Amino acid sequence: MNALTRRSMFAVAAGAAAVPFVAKMPAHAAAPPIGKQAPGWYRIKVGSIEVTVVTDGARHGPMPENFVRNKTKEEVGAAFQAAFLPIDRLMLPFNPVVVNTGSKLIAIDAGFGPGTFAESKGMMGQGQTNLVSAGIDIKAIDAVVISHFHGDHINGLVTDGKPSYPNAEVMVPVPEWDYWMDDGNMSRAPDALKGAFANVRRVFGIIGNKMTKYEPGKDVAPGIASVAAHGHSPGHTLHIVSSGNSSLMIQADTTILPALFVRNPGWHVMFDMDAPRAEETRRRIYDRLVADKMLVQGYHYPFPALAHIEKAASGYREIPVPWNPVI
C-alpha cells in the first residue's frame, strides 16, 4: 500500500511540475507562406541517354474567344470542365529539354528566355534559371536544335541582345528558315503575323553565323533524329531520341494541351498556321506513338510533360508518366 501511495505521489508531483512549464512556453505565430514553387526540372533515361525536361514556366490569362477555331466556346468549356480545368482561364505550359547523349549536350528549343513579358511576374522565362538548378551549365551546351520559329521556342536564344548559349551551334529546319526569311512571305502575311516575322529576324540577326540549317528527316546529333511534322508552322519539326531499345518523341507543338488536342485531334488550335495539315500530321504522328508504344514529351503538356498515348473513342488519350525518385 505504501508503494502504491508513493507512485501516486510521484505521478501527481510530475503532473504539477509540468503545468507551469507548459504555461511558460512562448507562443509562435503561424508560419508565413513561402509563395513560390520549387525549381522545375525532371530527368529520365532513354537507354544510355539522359534527358532533362526544364520548364520555362506557364502563361496564365483569360481564355481567348477563338482558342479552338472549329469549335464553339461552349464545347471548349465542356472539355476543360471534363478535365477539371477552369473554363474561363488558360494556363499554357512551356517545357524545353536538354539531351545528354554522352558525347554532346543538346538543348531542344530555348523557351522565352529571361525578361520576356515583364507583366508575367516571373511565370514565364524561367528556363535558364532552372537549367542552373538542374546542374546544367549553359556554356557547356554544344547545340540548340530548334523545332520551329514561334517566339516561345526561339526567344530564349538571346538575352540582353547577346546569344544566350555562347558556345552552342544553333540548328534550324530548312523549310522553317526558308518561310520566315522570305521577304515575299513577310509582305503578304496578315497583320497578326508581321510581328512574328520581325521577331524571327531580330533573334537570328543576333545569332549571326552561329546558325546552321538541317533537313527534317536527318539526324541532328548522335541518337537524335528529326522528323517533318509540318502544319503548326511551315517547317515545324519534331525529334526522336533513341538509345538501345528505348525511344522518346520530343513532339514540340504537334499537339498543345493534351486535355483538348490529344483527346480531340480534329480540333484546330488558334496557333496552327495550316490547321488541316496540322490535323493530318497530328493523327499520323499519334498513330505512330500508339503503334510503337513510344514515350512522348510535349512542349505544352503539364510539367514534367511526359506521357504514353493510347487510342480512345474521340481520338487518343494521354497516360502521364508517374514521377520517379530515381533516374
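Figure 1. The coordinates belong to a predicted model. Helix H2 comprises residues 73–82, with Val76, Gly77, Ala79 and Phe80 buried.

**Figure 2. The buried face of helix H2 and its packing partners.** Val76, Gly77, Ala79 and Phe80 are the buried residues of this view. Viewed along the axis of H2, the buried residues lie within an arc of 160°, and they therefore line one face of the helix. An α-helix has 3.6 residues a turn, so residues three or four places apart point the same way. Strand E4 (89–94) and helix H8 (258–261) are packed against by the buried residues of H2. Following H2 is Phe84, which has a positive phi, near 60°.

Figure 3. Asp152 belongs to helix H4, which spans residues 151–154. Although Asp152 is buried, it has no salt bridge; Arg59, the nearest side chain of opposite charge, is 8.0 Å away. The side chains of Asp152 and His153 are joined by a polar contact of 3.5 Å. Leaving aside residues up to four places away in sequence, Asp152 touches Phe94, Gly111, Phe112, Tyr299 and His300.

**Figure 4. The chain that provides the setting for the close-up views.** The chain holds 9 helices and 18 strands, and 46% of its 327 residues are buried. Of the contacts with a separation of 6 or more, 68% involve residues 24 or more positions apart. The chain exposes about 16600 Å², of which carbon and sulfur atoms supply 58%.

Technical notes:
Residues numbered from 1 in each chain as written. Predicted model: local features only at pLDDT ≥ 70, side-chain atom pairs only at ≥ 80, totals over all residues. Heavy atoms only, no water. Helix = DSSP H or I, 4+ residues; strand = E, 2+ residues; numbered from the N terminus. Buried < 20%, exposed > 50% of the residue type's maximum accessible area, 1.4 Å probe, protein only. Lys, Arg positive; Asp, Glu negative; His and termini not counted. Salt bridge = Lys/Arg side-chain N within 4 Å of Asp/Glu carboxyl O. Polar contact = N/O pair within 3.5 Å; in protein donor to acceptor, adjacent residues only side chain to side chain. Contact = heavy atoms within 4.5 Å. Arc of directions from axis to C-beta. Areas by Shrake-Rupley, 256 points an atom, 1.4 Å probe, with all protein chains shown as cover.
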